[in-house]
Amino acid sequence: MSVVPVKFLRRFRIKQGDLFPSLEHQAKNHKVRTATDVVGPTILSGANLTGATAVVFVFRLVGALPATAVTQTAVFVNRATGELRYDWQAGDTDVEGKYYGEFIVTFPTGERTLPVDDPPIRFTVTKDLDT
């Protein structure tokens with residue numbers, strides 16, 4: 001069975017014990033406006049992660065201690081446009097509740113960074129009604 005990943009959502013729900021859909025996210029960079037720019041809404045563009053060597057997805061229950069955060073390897077879908085994906089692992093969605101997550105990108109220098117202007121991703125693990 002083929003499952004289409006959730007693309008570029010800031011919030012979503014997944015059932016307890018489910019591993020699909022994968023979480024896809026586009027890291028964003030803020031466009032700085034100059035005096036010659038047309039007045040209007042701020043433009044966000046995909047962060048260019050070319051040259052990045054690794055990405056992880058870190059998440060925890062809202063209100064839980066930082067030490068309880070789960071860190072798992074994620075993948076680059078497209079480095080040039082900042083597209084990232086996390087494929088859920090066994091155990092990730094076992095506990096019902098509200099969670100915060102974020103992608104952390106590593107560069108060859110060893111520098112680890114969150115893409116600019118990327119607030120935490122919010123997701124909810126909902127009760128599986130047939131268990």
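## Basis of the model

Residues are numbered from 1 along each chain as its sequence is written. Because the model is predicted, local features need pLDDT of at least 70 and side-chain atom pairs count only at pLDDT 80 or more, while totals for chains, interfaces and linings use all residues; side-chain values use heavy atoms, with hydrogens and water left out.

## Overall architecture

The protein chain contains 0 helices and 12 strands. Here helices (H or I, at least four residues) and strands (E, at least two) are DSSP runs, numbered from the N terminus. Of its 131 residues, 34% count as buried, where buried means under 20% relative accessible area, exposed over 50%, and partly exposed in between (1.4 Å probe, protein chains only).

Strand β8 (residues 75–78) and strand β9 (residues 83–86) run antiparallel and are joined by 3 bridges; two strands pair if DSSP finds at least two bridges between them.

Most residues other than glycine have a negative phi, and most peptide bonds are trans.

## A cis peptide bond

The peptide bond from Phe-20 to Pro-21 is cis, with omega near 5°. Pro-21 is located in the loop between β2 (11–15) and β3 (23–26).

## Two threonines in contrast

Thr-124 belongs to strand β12 (residues 121–126). This residue counts as buried because its relative accessibility is 17%. Leaving aside residues up to four places away in sequence, Thr-124 touches Phe-12, Arg-13, Ile-14, Gly-97 and Lys-98.

Thr-50, by contrast, is found in the loop between β5 (44–46) and β6 (54–61), and it counts as exposed because its relative accessibility is 53%. Beyond residues up to four places away in sequence, Thr-50 touches Arg-79, Ala-80 and Phe-107. The C-alpha atoms of Thr-50 and Phe-107 are separated by 9.1 Å, although these residues are 57 residues apart along the chain. The side chain of Thr-50 also makes a polar contact with the side chain of Asn-48 (2.6 Å). A polar contact is a pair of N or O atoms within 3.5 Å; within protein, one must be able to donate a hydrogen and the other to accept it, and residues adjacent in sequence count only if both atoms are side-chain atoms.

Methods
Contact means heavy atoms within 4.5 Å.
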